[in-house]
Amino acid sequence: MALARCPECDNAVSRSAPGCPHCGHPLTPATAESTPLDLATGTPSSSVALASMICGISGLVLLIVPCIWWLSIVPDVLGVVLACVAFGKISRGQASGRGMAITGLVCGILGIIITVPLLIFLQYMFSDAASD
Ligand SMILES: [Zn+2]
């Protein structure tokens, strides 16, 4: 519980209290005024960066799963996109988690680099087999 000083009697009062218990001075308007506007849009949070990292890593994990490995392109692309969103937020000071965003970006790009040539290669294999 955070404590504040009553502007009227200078006693320590809880920030969540509607008024000073010592002198009855109302505290809610003052605390609402001192609340940063950024709190409404979200305090520096790493949720986007975390989502990016999870997508990037799950994309790499999916790569080693037979039959559905090619689906890894979805979390790979998501990881790269979310990393870009996270970098934008971080540069504006709206988010943290640069390390996680970098992990998501690197894993996502790595997954795309592995998956796309494999898909193209398989596409050629299948089209060759069909024409024979
Ligand atoms: Zn007071």
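Here is a walk through this protein, from its overall layout down to a few individual residues.

Keep in mind from the start that you are looking at a predicted model. Let's begin with the big picture. The protein contains 5 helices and 2 strands. If you follow the chain along its sequence, the order is β-β-α-α-α-α-α. The protein has 132 residues, and buried ones make up 25% of them. What about contacts between parts of the chain that are separated in sequence? Take the contacts between residues at least 6 apart: 54% of those join residues at least 24 apart.

Now let's zoom in on a pair of helices. Find α3, which covers residues 47–62, and then α4, which covers residues 73–91. How do these two helices pack? Their axes lie 8 Å apart, and the angle between them is about 160°. Since angles over 145 degrees count as roughly antiparallel, α3 is therefore roughly antiparallel to α4. The crossing of α3 past α4 is left-handed.

Which residues make this contact? On the α3 side you can pick out V48, A49, A51, S52, C55, G56, S58, G59 and L62. Facing them from α4 are P75, D76, L78, G79, L82, A83, V85, A86 and K89. Sorted by class, the contact between α3 and α4 has 11 nonpolar residues, 5 polar ones and 2 charged ones.

As a general idea, nonpolar side chains tend to be buried together in soluble globular proteins. In this model, the largest nonpolar core has 13 residues. The members that touch the most other members are V48, A49, L82, A83, A86 and A101. Helices α3, α4 and α5 (98–131) each supply at least two residues of this core. Which helix gives the most to this core? The answer is α3, with 5 residues.

Start with A49. Setting aside residues up to four places away in sequence, A49 touches A86, A95, G97, M100, A101 and G104. Next comes A83, which sits in helix α4. Is A83 buried or exposed? A83 counts as buried because it has 28 C-beta neighbours inside 10 Å, and the cut-off for being buried is 20 or more. Leaving out neighbours within four places in sequence, A83 is in contact with S52, A101, G104, L105 and G108. The C-alpha atoms of A83 and L50 are 9.0 Å apart, while along the chain these two residues are separated by 33 places.

Back in α3, have a look at L60. L60 has 20 other C-beta atoms within 10 Å, so this residue is buried. Not counting residues up to four places away in sequence, L60 touches C107, L110 and G111. There is also I109, which is 49 residues from L60 along the chain, with 10.0 Å between their C-alpha atoms.

Let's step out into the loops now. Between α3 and α4 there is a loop that holds C67 and also L71. L71 has 14 C-beta neighbours inside 10 Å, so it counts as partly exposed. The C-alpha atom of L71 is 8.1 Å from that of G59, a residue 12 places away along the chain. C67 has something else to show you in its backbone: its phi is near 75°, a positive value in a residue other than glycine.

Where else does a positive phi turn up? Look at D10, whose phi is about 65° although D10 is not a glycine. D10 lies in the loop between β1 (3–5) and β2 (12–14). With 11 other C-beta atoms within 10 Å, D10 is exposed. The C-alpha atoms of D10 and H22 are separated by 9.4 Å, and the two residues are 12 apart along the chain.

To tie things together, go back to A83 one more time. A83 is part of the contact between α3 and α4, and A83 is also among the core residues that touch the most other members.

How values were computed:
Residues numbered from 1 in each chain as written. Predicted model: local features only at pLDDT ≥ 70, side-chain atom pairs only at ≥ 80, totals over all residues. Helix = DSSP H or I, 4+ residues; strand = E, 2+ residues; numbered from the N terminus. Buried ≥ 20, exposed ≤ 12 C-beta atoms within 10 Å, placed from the backbone. Contact = placed C-beta atoms within 7 Å. Axes fitted to C-alpha atoms, helices over the stretch in contact; angles between N-to-C directions. Parallel < 35°, antiparallel > 145°, perpendicular 65-115°, else oblique. Left-handed = near helix turned anticlockwise from the far one by under 90°. Nonpolar A, V, L, I, M, F, W, Y, C, P; charged D, E, K, R; others polar. Core = buried A, V, L, I, M, F, W, Y, C linked by C-beta atoms within 7 Å.
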